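Hello,

Here is the structure I promised to send over. Have a look at it first, and then read on for what I found.

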Amino acid sequence: MPEKHSHAALLIIDVINDLEFPGGEKVLPWARKMVDRLAPVAERARRSGVPVIYVNDNFGQWRSNFSELFEYCTRPEARGREVALALKPHPDDYFIVKPKHSVFFSTSLVPLLEYLGTSHLILAGIATNLCVFFSAHDAHMHEYGISVLSDCCCAESDTDHDIALDQLKRFLRVQICRGAELDMASLAT
């Protein structure tokens with residue numbers, strides 16, 4: 001049975017993450033705060049009929065499926081374990097593995113968005129100044145409407161986060177807003 005079309009999709013970027021990289025210890029406190037805001041936004045999207053699409057690094061786990069990747073990122077010693085556990089995708093969510101910073105680079109995202117009839121992307125995740133930033137730039141090149149949820153993204157510092165959001169707003173005219181401000185139901189239709 002074909003899935004329901006939606007004008008918008010929520011892209012959750014790199015939150016299934018072990019945070020075991022240089023600077024990951026600086027991202028962790030911001031990621032913990034992000035969880036409390038992003039989890040309700042994702043739930044609101046699901047209730048409104050907005051597809052939730054997790055697009056995630058594979059951490060060198062090229063032979064793994066989602067379950068194995070999730071298990072890897074939630075191993076007991078993983079710095080990002082609690083964040084990944086709190087933001088685990090629901091069974092009806094989509095999950096795409098990406099090899100580089102942008103959610104578009106060498107992924108199946110565009111055909112999925114075309115199938116869903118999506119023209120507006122809502123971006124959230126880790127890190128504002130890297131993967132969210134590169135993804136927003138590529139979304140702009142693909143001519144999608146773009147909203148970035150400022151309180152549902154995080155970086156190593158407020159400065160990194162704020163500069164990235166400012167650049168997206170100034171040069172790409174991206175809508176920057178808080179998750180609670182977004183009218184998810186109106187974006188679905």
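The model is predicted, so local features are given only at pLDDT of at least 70, and side-chain atom pairs count only at pLDDT 80 or more, while totals for chains, interfaces and linings use all residues. Residues are numbered from 1 along each chain as its sequence is written, and side-chain values use heavy atoms, with hydrogens and water left out.

**The sheet**

Helices (H or I, at least four residues) and strands (E, at least two) are DSSP runs, numbered from the N terminus. Six strands make up an open sheet, in the order S3-S2-S1-S4-S5-S6, with parallel pairing; two strands pair if DSSP finds at least two bridges between them. At the edges are S3 and strand S6 (175–177), each of which pairs on one side only. From one strand to the next, the twist averages 25°.

Strand S1 (residues 8–13) runs parallel to S2 and is joined to S2 by four bridges. S2 and S3 are also parallel, paired over five bridges, and Asp 57 stands opposite Lys 98 in S3.

In a regular strand, side chains alternate between the two faces of the sheet. In S3, the covered face has Tyr 94, Ile 96 and Lys 98, and the uncovered face has Phe 95 and Val 97.

Helix H6 (residues 158–172) packs on the sheet, where H6 touches strand S5 (145–154) and S6. The direction of H6 makes about 170° with that of S5; axes are lines fitted to C-alpha atoms, for helices over the stretch in contact, and angles run from 0 to 180 degrees between N-to-C directions.

Which residues of helix H2 (residues 66–73) are buried? They are Leu 69, Phe 70 and Cys 73. Because these residues cover an arc of only 100° around the axis, they sit on the same side of H2; the arc is that of the directions from the helix axis to the C-beta atoms. An α-helix has 3.6 residues a turn, so residues three or four places apart point the same way. Exposed residues Ser 67 and Glu 71 are on the face of H2 turned away from its buried side. Here, buried means under 20% relative accessible area, exposed over 50%, and partly exposed in between (1.4 Å probe, protein chains only).

The buried residues of H2 pack against strand S2 (52–57), helix H3 (81–86) and strand S3 (94–98), where contact means heavy atoms within 4.5 Å. At the start of H2, a side-chain oxygen of Asn 65 comes to within 3.0 Å of the backbone nitrogen of Ser 67. A polar contact like this is a pair of N or O atoms within 3.5 Å; within protein, one must be able to donate a hydrogen and the other to accept it, and residues adjacent in sequence count only if both atoms are side-chain atoms.

In the loop between S2 and H2 you will find Asn 58, which is buried at a relative accessible area of 7%. Its side chain reaches the backbone nitrogen of Gly 60 at 2.9 Å. Leaving out residues up to four places away in sequence, Asn 58 touches Leu 69, Val 97 and Lys 98.

**Backbone details to check**

Most residues other than glycine have a negative phi, and most peptide bonds are trans. Leu 19, in the loop between S1 and helix H1 (24–48), has a positive phi near 55° and is buried, at 0% relative accessibility. Arg 173, in the loop between H6 and S6, has a positive phi near 60° but is exposed, with a relative accessible area of 68%. The peptide bond from Ile 126 to Ala 127 is cis, with omega near -10°; Ala 127 is in the loop between strand S4 (120–126) and helix H5 (128–141).

**One last residue**

Gln 175 is in strand S6 and is partly exposed, at 38% relative accessibility. Not counting residues up to four places away in sequence, Gln 175 touches His 120, Ile 146, Ser 147, Val 148 and Leu 182.

Best wishes
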